[in-house]
Amino acid sequence: FGGIQEHDIIERIKKEFWVSLERHHIGLPEGRHIKQSGKHDVAIHLGEDTYIRLVVNVTVISNK
């Protein structure tokens, strides 16, 4: 598990909502990749003064 990056979030949004974003649209918590399980607030910049908050729930699944 290396962490959740902007690219991972962009791909999931594209798959779920058919919206294309770029890396600079995604504001990760503390500006770093998400490396812990749990809920994390991510800011999505949609326009000049338009932001939305997306809650990303990271769950680690073990193969054991």
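Me: Is Lys14 buried, partly exposed or exposed?
Reply: Relative accessible area decides this: buried means under 20%, exposed over 50%, and partly exposed lies in between (1.4 Å probe, protein chains only). Lys14 counts as partly exposed because its relative accessibility is 42%. The structure is a predicted model, in which local features need pLDDT of at least 70 and side-chain atom pairs count only at pLDDT 80 or more, while totals for chains, interfaces and linings use all residues. Residues are numbered from 1 along each chain as its sequence is written, and side-chain values use heavy atoms, with hydrogens and water left out.

Me: Is Glu6 buried or exposed?
Reply: Glu6 is also found in helix α1. At a relative accessible area of 12%, Glu6 is buried. Apart from neighbours within four places in sequence, Glu6 is in contact with Arg23, Ile26, Leu28 and His33.

Me: How many helices and strands does the protein chain have, and what pattern do they follow along the sequence?
Reply: The protein chain contains 1 helix and 3 strands, arranged along the sequence as α-β-β-β. Taken along the principal axes, the box filled by the C-alpha atoms is roughly 45 × 25 × 15 Å. The chain has 64 residues, of which 25% count as buried. Among contacts with a separation of 6 or more, 26% come from residues 24 or more positions apart.

Me: What share of the accessible surface belongs to carbon and sulfur atoms?
Reply: Carbon and sulfur atoms account for 48% of an accessible surface of about 5,400 Å² (Shrake-Rupley method, 1.4 Å probe; for residues, only the protein chains shown count as cover).

Me: Which residues make up the largest nonpolar core?
Reply: In soluble globular proteins, nonpolar side chains tend to be buried together. A nonpolar core here is a set of buried Ala, Val, Leu, Ile, Met, Phe, Trp, Tyr and Cys residues joined through side-chain atoms within 4.5 Å. The largest one has 12 residues: Ile4, Ile9, Ile10, Ile13, Leu21, Ile26, Leu28, Ile34, Val42, Ile44, Val56 and Val58. Two or more residues of this core come from each of α1, β2 and β3, and α1 provides the largest share, 3 residues. As for Ile26, its contacts outside four places in sequence are Glu6, Ile9, Ile10, Leu21, Val42, Ala43 and Ile44.

Me: Which residues line the largest pocket?
Reply: Rolling a probe the size of a water molecule over the atoms shows where empty space is left. On a 1 Å grid over the protein atoms alone, a pocket is an open set of points where a 1.4 Å probe fits, with protein on both sides within 12 Å along at least five of seven lines, and lining residues have an atom within 4 Å of a point. The lining consists of Ile4, Asp8, Ile9, Arg12, Ile13, Glu16, Phe17, Leu54, Val55, Val56, Asn57 and Val58. Both α1 (6-17) and β3 (50-58) supply at least two of the lining residues, with α1 giving the most, 6 residues.

Me: Where is Gly38 placed, and which residues does Gly38 touch?
Reply: Gly38 lies in strand β2 and is partly exposed at 25% relative accessibility. Gly38 touches Val56, Asn57 and Val58, not counting residues up to four places away in sequence. Gly38 and Asn57 are 19 residues apart in sequence, with a C-alpha to C-alpha distance of 5.4 Å.

Me: What is the phi of Trp18?
Reply: Most residues other than glycine have a negative phi. Trp18, although not a glycine, has a positive phi of about 60 degrees. Trp18 sits in the loop between α1 and β1 (26-27) and is exposed, at 77% relative accessibility.

Conventions:
Helix = DSSP H or I, 4+ residues; strand = E, 2+ residues; numbered from the N terminus. Contact = heavy atoms within 4.5 Å.
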